[in-house]
Amino acid sequence: MSLGLKRGVVQLEPHDKQWDEIAVQTIKILKAILGDDVIDIQHIGSTAIPAIKAKPIIDIVVGVTDFDRIISYNEQLRKESFIAVQMWNINFFM
């Protein structure tokens, strides 16, 4: 199983149970890093829906108590291979 797509490529694949497993492991890592600053973390998007094809990109949304505090975790997130990207004055981690 591979995750992600090359820039400019759109490709749908049948649902893969490993997507759920990867999402669960990723959520555990995020909870361990962000601790009490997390309100909720959810696997969202097409890879979270077993009955449909999806782009092999796992989307996870994180609700936090204070967005400004999350910036203090940038280095820890980078160490776990999350990459910070800023768009529209919002920080995203990939």
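Let me begin with Gly35, which follows helix H1 and has a positive phi, near 50°. Helices here are DSSP runs of H or I with at least four residues, and strands are runs of E with at least two, numbered from the N terminus.

Two remarks on the source. The model is predicted, so local features need pLDDT of at least 70 and side-chain atom pairs pLDDT 80 or more, while totals for chains, interfaces and linings use all residues. Residues are numbered from 1 along each chain as its sequence is written, and side-chain values use heavy atoms, without hydrogens or water.

Which residues of H1 are buried? They are Trp19, Ala23, Thr26, Ile27, Leu30, Ile33 and Leu34, where buried means under 20% relative accessible area and exposed over 50%, with a 1.4 Å probe and protein chains only. Seen down the axis of H1, these buried residues fall within an arc of 125°, taken from the directions from the axis to the C-beta atoms, so they line one face of the helix. On the other side of H1, Lys17, Glu21 and Ala32 are exposed.

Finally, consider Ile33. Leaving aside neighbours within four places in sequence, Ile33 is in contact (heavy atoms within 4.5 Å) with Tyr73, Gln76, Leu77 and Glu80.
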